[in-house]
Amino acid sequence: MMLLLVGVGAMASELTSPNGKLSVTIDGQVMKVKYQQQQVLEITETDLMASDAFKKLGVVKADYQMLTGKRSHCTNEANEYRCGHVLLRVYNDGIAFRSEELSSLSKAPSTIYHIPEGCNRWMQQWCDSYEGFFPLSTTYKQKPVPSYSGTFKSSEGWNNRWGYPALLEPQKGVFALITEANIERGQSASCLYNEGEAFRVVADAQIEGKTANHTPWRVVMVGSLKNVVESTLVTDVSEPNKIGDTSWIKPGVVSWIYWAYNHGSNDYNIIKKYVDMAVSLRLPYVLIDAEWDEMRDGKTIEDAVSYAKSKGVKPLVWYNSSIGWVDGAPTPKFRLNKPEDREKEFAWCEKIGVAGVKIDFFSGDNQKNMEYCIDLLESAARHHLLVNFHGATIPRGWQRTYPNLMSTEGVYGAEWYNNVATFTDKAACHNATLPFTRNIVGPMDYTPCTFSDSQYPHITTHGHELALTVLFESGLQHLADRPESYLSQPQEVKDFLSALPSTWDETRLIAGYPGEYVVMARRHGDTWYLAAINGTNEEKEVTLNVPARRVTLFTDKPGSPQTWYIEKQNFMPKKVILQPRGGLCYIWKNK
């Protein structure tokens, strides 16, 4: 629910947040953002007219419930201002702005973020699937990394196209995270192209004659790392629920075939193994991945769905979007592209008892892809189907507008242990970066928690892997490892996975720094989980300072990274030692 209150029409000499810690000053077409009087970011907005002054419109308040995400009850407020066609909201945890009445402008507005050399930044080079790393750098001068989308480079040979989100540390201990939110029909998503220190927002291809009359929200979360990580600004500015009744939407944990068996979903007996694992671990879902339409040994997808349902496990099934990778790609294809085919397919899914769909291989951020995703979400909701987008762009607030969107890939996740050797050495640091970058903006289907190996080995510890199930937020949390690996773990670990939530009522960042380590606490009902991982190759002492009692610890035995150390403790210690690439989890209940 959004409300506009007080102060309508007042001229604004200083644009401030409700708590006064965040301010924006205007110098011509430049917005200067400050946090507690420290310079954070300069933004050029060409739609600003020097002859116009910002007028305060009032206070905008957000107060809503989420079925997924870092917090179930979200609240926020901002002072709202207007200058010409620019609408600006200054929140306590960031700013959001957009250009409106675009049809009346002689040329499209342009937004440029100025990121000076020497500023710490964690930015991902753009590719259409958003599957890349966020390496720490202090310069835009980075060599292009080849991807399926090709490379984008300046005349000097540096990469010059960047995806969201972009995390900056403009002052020591002060951070800004740049992204966008609330993609609607008539809009494409955007990315950043840079010329030196100037990073320009560039919308992807749009459909001529069918564009919206305002831009998406440009969003910058600002403050301490804790402020930025805990922010819900992306959903705060997004449209509320458009699908009506949500009582049928049930997030949960999923057993997943692909990581261990790339082509396992065309084998009925392998599907049965994963259904049986879901039964043993009391998981609500099983995902039947690609090639289920080519089931062997005379079996069909209906047989697999029936088996899962007979065991009390809800099946999810995979589709190729057929808008991206088509030639040589897995099937089924071309079942969802036409409205009549999509409705027929989703009606069939609902009829046979499928609970949700994973839709894969999109082709970027253009308006065609964005509107197709909205079509899929709306059609799926009509047939009571959960949705997980893969090979797709990052979340930009649809998780609020379409609550049946449980997760989105848009991340370099555990499936890359299948593909290249690169992930083995980089995973720990990458895992310790994602809670400060990609996962801030919305659900992330990383497919965590593998104790055994896929095609390429992992060198993170068991404690590290278990912690990822808490650190990484996703409405459908896919457990990637093979059944025999999970079922051979100690009973306490199996019980942990059986009770694992995939939604959270509250999230708190306790400590951390991108790429080095992270300590995060999340609450589900009256149960708290604290997870910590070490992203480095050295032991690391971290401070917890959480006044929890009667806790259960899951961690690594020192010197033996694949051996569990599980202990009940009366109090949580103030400090702990994380093993190299290690991790831990604590669980306790509020009394």
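This is a predicted model: local features need pLDDT of at least 70, side-chain atom pairs count only at pLDDT 80 or more; totals for chains, interfaces and linings use all residues.
**Reading contacts, rings and backbone angles**

Reader: Into which domains is the protein divided?

Author: Domain 1 covers 15-237, domain 2 covers 248-410, and domain 3 is made of 413-474 + 483-590. Between the C-alpha centres of domain 1 and domain 2 the distance is 32 Å.

Reader: How many residues of domain 1 and domain 2 are in contact?

Author: On the side of domain 1 there are 32 residues in contact, and they meet 27 residues of domain 2. Together the two domains bury about 2,300 Å², and 54% of this area is on carbon and sulfur atoms. Tyr130, Ile183 and Arg185 supply 26% of what domain 1 buries against domain 2, more than any other three residues. Three salt bridges are found across this interface.

Reader: How is a pair of aromatic rings described?

Author: Two values are used: how far apart the ring centres are, and the angle of the planes. In this structure the count is 28 aromatic pairs. Take Trp256 and Tyr258: the centres are 5.7 Å apart and the planes stand at 35°, so this pair is tilted.

Reader: Which kind of aromatic pair do Tyr268 and Tyr307 form?

Author: Tyr268 and Tyr307 are edge-to-face, with 6.3 Å centre to centre and 70° between the planes. Tyr268 belongs to helix α3 (residues 268-281) and Tyr307 to helix α4 (residues 301-310), so the pair ties together parts 39 residues apart in sequence. Tyr268 is buried, at 14% relative accessible area, and Tyr307 is buried as well, at 16% relative accessibility.

Reader: Which residues do ring pairs link into a cluster?

Author: The cluster consists of Phe133, Tyr412, Trp416, Tyr417, Phe423, Tyr446 and Phe472.

Reader: Which charged end sits over the ring of Tyr268?

Author: That is the charged end of Lys299, 4.8 Å from the ring centre. There is another case at Trp126, where the charged end of Arg161 sits over the ring at 3.5 Å from its centre.

Reader: Where does Phe334 lie, and what is its phi?

Author: Phe334 is in the loop between β21 and α5, and its phi is near 55°, a positive value. Phe361 has a positive phi too, near 65°. Phe361 is found in the loop between β22 (356-360) and α6 (367-382). A residue under 20% relative accessible area is called buried, so Phe361, at 19%, counts as buried.

Definitions and conventions:
Residues are numbered from 1 along each chain as its sequence is written. Side-chain values use heavy atoms; hydrogens and water are left out. Rings of Phe, Tyr and Trp (its six-membered ring) pair if their centres lie within 6.5 Å; planes under 30 degrees apart count as stacked, over 60 as edge-to-face and the rest as tilted. Helices (H or I, at least four residues) and strands (E, at least two) are DSSP runs, numbered from the N terminus. Buried means under 20% relative accessible area, exposed over 50%, partly exposed in between (1.4 Å probe, protein chains only). A charge sits over a ring if NZ of Lys or CZ of Arg is within 6 Å of the ring centre and within 35 degrees of the ring normal. Domain bounds come from an automatic or database domain assignment. Contact means heavy atoms within 4.5 Å. Buried area is the accessible area (1.4 Å probe) that two parts lose on being put together, summed over both. A salt bridge is a side-chain nitrogen of Lys or Arg within 4 Å of a carboxyl oxygen of Asp or Glu.
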